[in-house]
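Subject: Structure handover

Hello,

Here is the structure I promised to pass on. Please open it alongside this email.

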Amino acid sequence: TGDPQIPGFPSAILGTILAISLVSWVTIARLVRGQMLSIKEQDYVLAARSIGASPWRVVRAHMLPNTLSTVIVSVTFGIPLAIFAEGALGFIGLGVPSPYTSLGALMGDGYAYLFVNNWLVVWPAIMVAIRSARAFMSVLKLSKAGFCSGVSASASSRRAMCTSARSAIFAFICSGSICDQPDLPPRGPSQ
């Protein structure tokens, strides 16, 4: 009963997700810290402080929205790395346990037969590489669609960005990759 539980979600998979998350959050934290240190010297932050805004309001209203694009880019570029990390954990036997399977576990199981039948390792490795490349291409497609630009713009622009992001995510879920989808309509204040 000490395992973390989410209803309808296997705790074995949750453990793998938590292991990868506990290691990879440091990169995002370093990027956000650097961004916050540069933003705190901007004129609009100094102006907000000079009119008497509380430090929490300055952080919440002015600094955090301007770090959101950095976080989004870092998280999306971290997806292929998480796929490789899950494959590596599965390969060494620390990934998802036995009723569930992963490509890393398949590579680990096939490693004993590497010299007899190397395809037991090669095909799962190829699939990990393809899945990571598709995730990377999806990141590039989202950036081409303007997902990460203008995150801290006006409310109407944010609404258009959310619509564009929902379309891209829906296309990714339905087709397996948004690289095959036509370009999304441009977003902007006119929508």
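Below is what was found in it, from the whole chain down to single residues.

Please keep in mind that this is a predicted model.

**Overall fold**

The protein chain has 6 helices and 0 strands. Read from the N terminus, the order is α-α-α-α-α-α. The chain holds 191 residues, and 27% of them are buried. Its exposed surface comes to about 12300 Å², with carbon and sulfur atoms supplying 68% of that area. Take the contacts between residues at least 6 apart in sequence: 55% of these join residues at least 24 apart.

**Largest pocket**

The largest pocket has a volume of about 300 Å³. Its lining counts 13 residues. Nearest the centre of the pocket lie Ser 24, Ser 74, Gly 78, Ile 79 and Leu 81. Which helix gives the largest share of the lining? That is helix 3, with 8 residues. Helix 1 (11–39) also takes part: helix 1 and helix 3 each supply at least two lining residues.

**Ser 74**

Look next at Ser 74, one of the residues nearest the pocket centre. Ser 74 sits in helix 3, which spans residues 55–91. Is Ser 74 buried or exposed? Its relative accessibility is 15%. The cut-off for buried is under 20%, so Ser 74 counts as buried. Leaving out residues up to four places away in sequence, Ser 74 touches Ile 28 and Leu 31.

**Surface patch**

There is a nonpolar patch on the surface, formed by Trp 119, Trp 123, Ile 126, Met 127 and Ile 130. Together these residues have about 490 Å² of accessible area. Ile 126, one of the patch members, is found in helix 5 (residues 119–144). Ile 126 has a relative accessibility of 31%, so it counts as partly exposed.

**Pro 97**

The last stop is a loop residue. Pro 97 lies in the loop between helix 3 and helix 4 (103–110). Pro 97 has a relative accessible area of 39%, which means it is partly exposed.

**Where to look**

For a quick tour, start with Ser 74 in helix 3. Then turn to Ile 126 in helix 5. Finish at Pro 97, in the loop between helix 3 and helix 4.

Best regards

How values were computed: Residues numbered from 1 in each chain as written. Predicted model: local features only at pLDDT ≥ 70, side-chain atom pairs only at ≥ 80, totals over all residues. Heavy atoms only, no water. Helix = DSSP H or I, 4+ residues; strand = E, 2+ residues; numbered from the N terminus. Buried < 20%, exposed > 50% of the residue type's maximum accessible area, 1.4 Å probe, protein only. Contact = heavy atoms within 4.5 Å. Patch = residues over 30% accessible without salt bridge, like charges linked within 9 Å, V, L, I, M, F, W, Y side chains within 5 Å. Areas by Shrake-Rupley, 256 points an atom, 1.4 Å probe, with all protein chains shown as cover. Salt bridge = Lys/Arg side-chain N within 4 Å of Asp/Glu carboxyl O. 1 Å grid on protein atoms, 1.4 Å probe; cavity = no way out; pocket = protein on both sides within 12 Å on 5 of 7 lines; lining within 4 Å. Points joined across faces, edges and corners; volume = space filled by probe spheres on them.
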